[in-house]
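Please open the model in your viewer and keep the selection panel at hand.

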Amino acid sequence: MEQLASNKIYDGLQQQFKHTSSVVNCDMMFSIFLPPQAASSKVPVLYWLSGLTCTDQNFVTKAGAQRYASEHGIAIVCPDTSPRGDGVADDPESAWDFGLGAGFYVNATQEPWSEHYQMYDYVTKELPELVNQNFSVDAAKTSISGHSMGGHGALTIALNNPKQYQSVSAFSPIVSPLNCPWGEKALSNYLGPDKGTWLTHDSCELVKKATTHIPMLVDQGSADGFLEEQLKTELLIQAGETSNYPMTVRYQDGYDHSYYFVSSFIGEHIAFHAGNLK
């Protein structure tokens, strides 16, 4: 594991690392913020999953989360959004919504994607093992959050692994890949045409079948240009009502899909996780 960058911020330490992943079969990047409390004891950890076209650095530089993580004594881990490098398959037309920067947090089963695009196992298994072994974090106190495609990843990963996470939150998540163009393109390529194999990666389907409920907070901007066609927040609300799954879903008036939206409410999300982690 090679350290690439290190900066002192809000009395904590923001670091970036590169490591060779046996899960995705290439080098991967991740960033971690350790609050000042980590110098004397193990701290809870929040995993942040970013959206389409992003890297591990978008949240680090745009969200302003370190201030709140420092106040609450929470580490934040930010993985990249896909494998990268020579030999890693990309969208044949170089589109921004699939391939590099768009791993969708699934384990691909279709060639050529299956060789490297194993993001579900990377986020749920390999990366936590690496973080737990090398940093002062409490593996028993873990939560997950994300934005857009990363919101989809956070929700589906938490719903599939309710004993692994104490809470989940999302900004502008893709809540039903079965019912939107981004999801249909990604999952048909990564998993194949049989939509039965997609069900475990659709938050609405998972909510309907959930027997264990973990605390959930979702924020969605009312002026988000992707809301109607791609995000479909109402489907998540309906799924929660149908299955009596307790969740907090908030529409924030006038906000769009950008990191201005994330930075406006990230303090509330970190406080939400802090309350559940402690």
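Which helix and which strand each supply at least two residues of the lining of the largest cavity? Helix 1 (57-62) and strand 5 do, where helices (H or I, at least four residues) and strands (E, at least two) are DSSP runs, numbered from the N terminus.

Before selecting anything, note that this is a predicted model, in which local features need pLDDT of at least 70, side-chain atom pairs count only at pLDDT 80 or more, and totals for chains, interfaces and linings use all residues. Residues are numbered from 1 along each chain as its sequence is written, and side-chain values use heavy atoms, with hydrogens and water left out.

Select Gln14, Phe33, Phe59, Val60, Ala65, Gln66, Ile76 and Cys78, which line the largest cavity; on a 1 Å grid over the protein atoms alone, a cavity is a set of points where a 1.4 Å probe fits but cannot get out, and lining residues have an atom within 4 Å of a point.

Next, colour the strands: nine of them form an open sheet of mixed pairing, in the order 1-2-3-5-4-6-7-8-9, two strands being paired if DSSP finds at least two bridges between them. At the edges, pairing on one side only, are strand 1 (2-9) and strand 9 (248-252).

Zoom in on strand 7 (residues 168-171) and strand 8 (residues 216-221), which run parallel and are joined by four bridges; here Phe171 stands opposite Asp219 in strand 8.

Finally, show helix 3 (residues 119-134), which packs on the sheet and touches, among others, strand 2 (12-21) and strand 6 (137-147), contact meaning heavy atoms within 4.5 Å.

Note on methods:
Axes fitted to C-alpha atoms, helices over the stretch in contact; angles between N-to-C directions. 1 Å grid on protein atoms, 1.4 Å probe; cavity = no way out; pocket = protein on both sides within 12 Å on 5 of 7 lines; lining within 4 Å.
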